[in-house]
Amino acid sequence: MGTRHNNFAPVLRLIAAVLSLSATASAIGVNYGTLGNNLPTPATVAKFLKTKTIIESVKLFNADPDILRAFAGSGLKVTVTIPNGLIPSLTKDDEARGWINDHIAPFYPKTKINRVLVGNEIMATLDDNLISNLVPAMKAVHRALVKAGIDDVQVTTAHAMGILKVSEPPSAGQFWPGHDVAVYAPMLQFLRETDAPFMVNPYSYFGYSPNYAPSIADYALFRPNRGVHDSHTNITYYNMFDAMMDAVYSAIKAMGYADVDIVVAETGWPSAGDPNQPACTVDNAISFNGNLLKAVTSGKGTPLMPNRKFETYIFSLFNENLKPGQSNERNWGLFRPDFSAVYDVGILKNKQSRPAPRPAPVAAPVAGKKSWCVPKASASDQALQANINYVCSQKGMDCRPIQAGGPCFGPNNVRSHASFVMNSFYRLNGARPFNCDFAGTGVVANSDPSKCFIFFSSLGLFVNT
């Protein structure tokens, strides 16, 4: 009997997990970004979400104490994110406990913190130091929570779709070789043991191209189309979102972890853009987000994950006027900073709401012309590298200019690269002195930090997306 019990135990556990997943209630959340100088106070945001919308949870790209305090007593679930640059240090138990004691314990449980993300899209950074330390840091943060007596806060991380080497057809989904064994196997085992989800950012928008046939554009937008056939399973997919989710599921299943839940950490569609961005319209945003919400809450699931609902976080809550790049980057929001709806796809409790007129594209931020943020002469290379890791982990920041082959790669040293990213962060966030502190390693100067930055500032390109 003992042998038979051991053989069937994994099967019974899998069946129980699948039944549990199929019964999971969907939760609609929103990504709450703060790259704007005209955004409402966190307290008014919490009140608005609680009283005027069906949104049940928010995901932050940091652990902003003002936001965590403001959401106390609201009943809204809050996911916080640890900056990428802190990951290597958080593999140490004392450092992890310190972070939890500083950023979670003072606010929990009055603020309903339900999840801590250790970094954001780490695999996309291609930083071996971050990647190799990701799972150890996740485990250390979990231990720190338990040590603090907090046993109902999940620890995980969010992934871009680039984690898959193979995504088409969906049934052949596969992680990149090497990372599958070294990173995803121990990560998925940890998620299984702690009952935490695997979180992904499946953006159909980034799979869309105006050069595609109209049927493929419709495929990205949940509109009627001929579908895309998976000859391995004889399944025809009629929207890109289902295909991406099933590709992730296939990769996880191939590793032996089909029972680990999948949560949609980010997805959405911009409602306005520049003339060369014809896909960025209110109609398209309504089509994608409206149909997405129906899909994830219907209980229908996907072809490979039937009868499932998916916890989903829309990107994003507000149009953020300080985000860099083309106009579409500043027009992902469901709401304007005055809480008027850019459009409504059922998020507002007042069902009479109608889509608002298409807004004019928000102009790119204009930074001050007479101040720059530069590293202090006393700042160590280790501290400056931490600054680079932090800035490059922030959503909307693109550090390609300082990567090999980029226009600001040379001179190839930490101080030069830190000068560029610190100054970019400073200018992007309104050129305010406190955005040049960097734990005492930055200083505001009255001279240009580098020829590279002069070149980029002449184009208005402090950062890119």
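**Disulfides and their surroundings**

Guide: The link of Cys 392 and Cys 399 is left-handed, with -100° about the S-S bond. It is a disulfide with its sulfur atoms 1.9 Å apart, the term being used for a pair of cysteine sulfur atoms within 2.5 Å. The model is predicted, with pLDDT of at least 70 required for local features and 80 or more for side-chain atom pairs, while totals for chains, interfaces and linings use all residues. Residues are numbered from 1 along each chain as its sequence is written, and side-chain values use heavy atoms, with hydrogens and water left out.

Cys 392 has a relative accessible area of 27% and is partly exposed, whereas Cys 399, at 9%, is buried. Buried here means under 20% relative accessible area, exposed means over 50%, and partly exposed is in between, with a 1.4 Å probe and protein chains only.

Searching the whole structure gives 2 disulfides. In the other entry, Cys 373 and Cys 436 are bonded, with 2.1 Å between their sulfur atoms. The torsion about that S-S bond is about 90°, so this disulfide is right-handed. Cys 373 sits in strand S13 (residues 372-375) and Cys 436 in the loop between helix H11 (414-428) and strand S14 (442-445), so the bond ties together parts that are 63 residues apart in sequence. Helices (H or I, at least four residues) and strands (E, at least two) are DSSP runs, numbered from the N terminus. Both ends are buried: Cys 373 has a relative accessible area of 0%, and Cys 436 has 2%. Another cysteine, Cys 280, is buried at 1%.

Next come the charged pairs. The whole-structure search returns 7 salt bridges, a salt bridge being a side-chain nitrogen of Lys or Arg within 4 Å of a carboxyl oxygen of Asp or Glu. One of them joins the side chains of Asp 93 and Arg 143, at 2.8 Å from N to O. This pair links distant parts of the chain, with Asp 93 in helix H4 (residues 93-103) and Arg 143 in helix H5 (residues 128-147), 50 residues apart. Asp 93 is partly exposed at 33% relative accessibility, and Arg 143 is partly exposed at 41%.

A salt bridge also joins Asp 259 to Arg 192, with 2.8 Å between the closest N and O atoms. Here Asp 259 lies in the loop between helix H8 (240-254) and strand S11 (262-267), while Arg 192 lies in helix H6 (residues 179-194), a separation of 67 residues. Asp 259 is buried at 14%, but Arg 192, at 23%, counts as partly exposed. Lys 323 and Glu 329 meet in a salt bridge at 3.6 Å, N to O, and both residues are buried.

A nonpolar core is a set of buried Ala, Val, Leu, Ile, Met, Phe, Trp, Tyr and Cys residues joined through side-chain atoms within 4.5 Å. The largest has 106 residues, and Phe 71, Val 141 and Phe 198 have the most contacts inside it. Leaving aside residues up to four places away in sequence, Val 141 touches Ile 82, Leu 90, Ala 96, Ile 100, Val 116, Val 118 and Val 155, contact meaning heavy atoms within 4.5 Å. Apart from this core lies another, of 20 residues, among them Leu 35, Cys 373, Cys 408 and Leu 428.
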